[in-house]
Amino acid sequence: DSEITACMNGSNDASQGNSCSGTGTCESSAASKSGRRILLILTEEEGKDGKSFLENSEITGRYNVQCAVLSDDSSDNSIDMERIDTVVLYNLTCANLSKLCVGMADTPYLKAALQALMSGKRLLVSEDEIEYLRYRKNMPSPMWKRMSGDLEFLKSCGLTVVPSEKLVGAVIDRSAEKPDRIAMDKSAEKP
C-alpha cells in the first residue's frame with residue numbers, strides 16, 4: 001500500500017520500492033522487469049485515485065501500471081510513449097480538451113496526452129474526469145455544442161470515454177478497439 005501511495009503522490013523515496021524519474025512518473029521496480037504491457041495513468045494533480053488500477057489483480061496481471069503526475073513545473077517531461085500500451089487520462093479540463101483538439105501541447109501533461117493520441121495508443125477517460133460534463137445543466141447551449149464537438153473529435157481520433165464505474169473494466173476489455181467504441185450515453189447530452 002505504501003508503494004501505491006508513493007506512486008500516486010510522486011514520491012521519489014526508493015525505499016518505497018518505486019523507480020521514479022524526474023517526470024513525476026512512478027512504476028513498481030518489480031513490474032518494470034517483466035515483459036507485460038504498460039498502463040500509464042496520466043494526471044496533472046497528485047493524489048488522483050489510481051488505486052483502483054494498482055490494487056486490481058487482473059490489471060496488474062496484464063499490465064505494468066505506471067503513474068505520471070505531470071504538472072506545469074515538472075522538470076523533465078519525457079515519457080517513452082513507445083513502451084506504453086494504454087493511457088488513462090485524469091484532469092480533462094475544458095482547457096485541456098480544447099487544446100488537445102488543436103494539437104496545442106503547452107504543458108507536460110498535454111504533451112504526453114497528445115503524443116499518446118497521435119501514436120495511436122489506447123486512450124481512455126472517465127466521464128467524471130471531463131470537466132465540461134459537470135456543467136450540463138447551466139452551460140450556454142453554444143458553448144455546450146462546442147465542447148461536445150471537441151470531445152467527439154477526440155473520440156474520432158481514438159479517445160474512449162467510459163462511465164467511471166466501468167473504467168477498470170474498459171482497460172481490461174480489449175474487445176472494443178475501434179475509435180468510436182464507446183459512445184457517450186444520452187445522459188451526457190445537454191437537456
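Predicted model: local features only at pLDDT ≥ 70, side-chain atom pairs only at ≥ 80, totals over all residues.
**Exercise 1. Other salt bridges**

Task: State how many salt bridges the structure holds. Then describe the one between R62 and E58 and the one between K99 and D106.

Solution: 
- Step 1. The structure holds four salt bridges.
- Step 2. In one of them, the side chains of R62 and E58 meet at 3.1 Å, N to O.
- Step 3. Helix α3 (residues 57-62) contains both R62 and E58, four residues apart, about one turn of the helix.
- Step 4. R62 has 33% relative accessibility and so counts as partly exposed; E58, at 38%, is partly exposed.
- Step 5. In another salt bridge, the side chains of K99 and D106 meet at 2.9 Å, N to O.
- Step 6. K99 is partly exposed at 24%, and D106 is partly exposed at 44%.

**Exercise 2. Strand β3**

Task: Find how many residues of strand β3 (residues 63-69) are buried, and which strand pairs with β3 over seven bridges.

Solution: 
- Step 1. Seven of the seven residues of β3 are buried.
- Step 2. Strand β2 (residues 37-43) pairs with β3 in the parallel sense, over seven bridges.
- Step 3. Within this pairing, I38 stands opposite N64 of β3.

**Exercise 3. Helix α5**

Task: Explain why helix α5 (residues 108-118) is described as largely enclosed by the rest of the structure, and name elements that cover its buried residues.

Solution: 
- Step 1. Eight of the eleven residues of α5 are buried, so the helix is largely enclosed.
- Step 2. The buried residues of α5 are P108, Y109, L110, A112, A113, L114, A116 and L117.
- Step 3. Their cover includes the strands β2, β4 (84-89), β5 (122-126) and β6 (159-162), and the helices α4 (94-101) and α6 (141-156).
- Step 4. Just after α5, G120 takes a positive phi of about 75 degrees.

**Exercise 4. The nonpolar cores**

Task: Give the number of residues in the largest nonpolar core, and say which element supplies the largest share of this core.

Solution: 
- Step 1. The largest nonpolar core has 33 residues, and those with the most contacts inside it are L42, V87, L89, Y132 and L159.
- Step 2. At least two residues of this core come from each of β2, β4, α4, α5, β5, α6 and β6.
- Step 3. The largest share, seven residues, is from α5.
- Step 4. Leaving out residues up to four places away in sequence, L89 touches L42, Y109, A113, L123, L124, V125, E129 and L159.
- Step 5. Another core, of 17 residues, lies apart from the largest one, and among its members are I41, V65, V88 and I172.

Notes. Residues numbered from 1 in each chain as written. Heavy atoms only, no water. Buried < 20%, exposed > 50% of the residue type's maximum accessible area, 1.4 Å probe, protein only. Pairing = 2+ DSSP bridges. Contact = heavy atoms within 4.5 Å. Core = buried A, V, L, I, M, F, W, Y, C linked by side-chain atoms within 4.5 Å.
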